[in-house]
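Hi everyone, thanks for coming. Today I'd like to walk you through some salt bridges, so let's bring the structure up.

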Amino acid sequence: MSATSAQPPVEATPGAPPRPSGVPAEAAWNPNTGEWELSALDGEGRRDGLSSTWRADGTLAAETAYRAGERDGVWRRFHEDGSVAREGRYHEGRPDGLMRAVSCEAPSTELLQTCCVPPNAWRLEHDYDDGRLAEIRWFDRAGVHLLPSGAPHPIRPASVPREARFEEGRDQWTVSSYADGAQADGVWLRWARDGVLRERDEYRLGKPHGLWQRFDAAGGLGEESEWRDGGRTGAHRRVVGGAAVYTDARVHEERGSFDHDQAVGPWTLHDASGDVVAKRDLGAALDEASLLASPALLLPLPASGETGGVRGSARWESVSDELAASGRPVEALLAAARATASARDATPLRARLAQLALPRTPDGAVALANELTARADMPLVRLANGLVAGGDAASLLRALAAAISGREAAALDLVDAALLLAPERAAAHVTRALINVHLGRPDEVRADVAALPDDLAEQRTFIERYAHVIFGAFPFLPTHTVIETRFPDVPEAPEQPLDAVVTTVQKLATRLGLVRAAILARLPVDVVNAAPSWLPPDLSALLPDGPAPLASWEFEEVIEDDAADGEAATPADPPEPVLVTVDEALAIEPEASLPTLLRLARREWAAVCWLCWSVGLDRVALPTEIRPPADFGVAAGMTIERLWRCRDKLITGGLRALTQGIPGFVWEGVEIDLLPAVLAEIAAEEHLEMRAIFYWLCDAGVQSPWQDNLRTPD
């Protein structure tokens, strides 16, 4: 390496300002920094030694030591009056040690920080350890250490280590550590302002893992639990004295275990002397599959079809006894809830709760239940485990009833039990109404809606509209629709031949029959026997030879863009063929709920109604001729317009339609813009099928109304 030398005089850089008299002739204008720069260079052209920069006005801006092209040594920036604005040291390109910034009496372009400067701050200090920022400190002009708010920083107690930082928002000192720069890892410690250790937590890669402890204001242990991979698993103890958590005022401490956040195994309650006041065995942890397969949630009642009244209650009590005796207390409580629902009497459940659950006070029980039900995605097993942990049973049973899928009869019993425990909690009527929707009982839905108070008026309106749609009749839709459109150009008549229309009507009848059969299979016997008016129509009369075959196939289609009016077509590469998939089969999920099936039925019914109307019928039947109504084209345009309007409601809340002046329409007695999202989705589903039918009818080149390219967003 050759000897270090200063760079030679340079020619004026294009766009550079006039060179002030104090700037050396050898300095070059750096357009990236907006400063004149003069650096000592080594034989390889790297900065080596002192590098100086000047502002456009000629004032000295900075001095930086370099070694072999990297910052190494002292670094300073200056205010315009020449005083030091900030200074520190670099080592091998990384800041190291104390970096300090200082304000200036005179006007200056050098700021302490571009934002978030505490009031009255005069000096800023950063501590670096080989490039890692360890601490930030603010000071006023008198040297008083400041918090971000500008208040004086508390004096660090002797018990708080040097690496702890003070968190003003939580009024505490904290030691924290991270893995990969972002995930909490290792031991975290938190002290009160006065230096008393209040919290000790362990993490592994962002998740609680290890021993967690909480300490009281005097430093005494208040709680400790083991955690594994983000969930409490292992031994647990907590001091509850004076917290009014348990019904026995002598209880000072609880001891037990958790397994993946479920309270399990023996739990004991101790007085201040350590003597056992009460004990419960909370059983083993459950997973969702085993919970849903429990006898407590199965229907019909094991070994008997007798599920109601006093006899049904007695049998559920027997199941509860068997589960309790076999060390399954959570399931025993669920069976007791079903016994209570059968007897219309809360006594069986209250007795079982007193026997199996931790005896919390009403306030303590509600607090635990609120903690568990606050999250919409709380696992079923944790809600159920909250029963033995002493959580408020009415709240937890209602939450379980709302969350259980595929066990509607059990869910109905659970919410009934919740109402028997706490009849004043009207919100449980909302849950029961929605469960009855799934059970196909609109009369019971209306009864629960009528029981809702005025402060639940919004929920009442939603359920009324939802039930009206789900349990609506199946009229011939075109005769109940105001047919209108803003489209200027609409087709005059269908292009599909009569035999294709007849075949499609029969395929729609077949599809609707599949949905109807699935609905009947899911309904309770008493509902089926009542032959409800909201069942989809039986169109088997349209299928004299049995169900129509529903096929699937693929074909390639070439779509050519038409030349614009007045423009001649220009030679170009031929368009690429597009693969089109047709699937006439109707996939019905085995676990599909009754509302889902009724939505499917509405969709299929809308399609067959508008298809029959389009060829001149005033009812759903097999057509014998094609005689389209005068407003056929208007209806075709309307389906496109209304589907767009439904999707705009779902995507922008109707804002795009509002800004473009596109009017809405009334669907099921409600303006589209007033529909809740779930009903707007149903409206969109119906209009999507209607649009596909009209697309198919109006283009003889379209092979099937079930082509996937007829269901694109636009």
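Predicted model: local features only at pLDDT ≥ 70, side-chain atom pairs only at ≥ 80, totals over all residues.

What joins Arg77 and Glu110? They form a salt bridge, with 2.9 Å between the closest N and O atoms. This pair links distant parts of the chain: Arg77 sits in strand S6, residues 70-78, while Glu110 is in the loop between S9 and S10, 33 residues apart.

Now stay with Glu110, please, and look at Arg55. Glu110 forms a salt bridge with Arg55 too, and here the closest N and O atoms are 3.2 Å apart. Once again, distant parts of the chain are linked: Arg55 belongs to the loop between strand S4 (47-54) and strand S5 (60-67), Glu110 to the loop between strand S9 (97-102) and strand S10 (123-129), and 55 residues separate the two. Buried or exposed, this pair of Glu110 and Arg55? Both are buried.

Asp443 counts as exposed because its relative accessibility is 54%, and the cut-off for exposed is over 50%.

There is also a network to show you: salt bridges with shared partners join Arg123, Glu125, Asp127, Glu135, Arg137, Arg156 and Arg162 into one.

And how many salt bridges does the structure hold? The count is 59.

Note on methods
Residues numbered from 1 in each chain as written. Heavy atoms only, no water. Salt bridge = Lys/Arg side-chain N within 4 Å of Asp/Glu carboxyl O. Helix = DSSP H or I, 4+ residues; strand = E, 2+ residues; numbered from the N terminus. Buried < 20%, exposed > 50% of the residue type's maximum accessible area, 1.4 Å probe, protein only.
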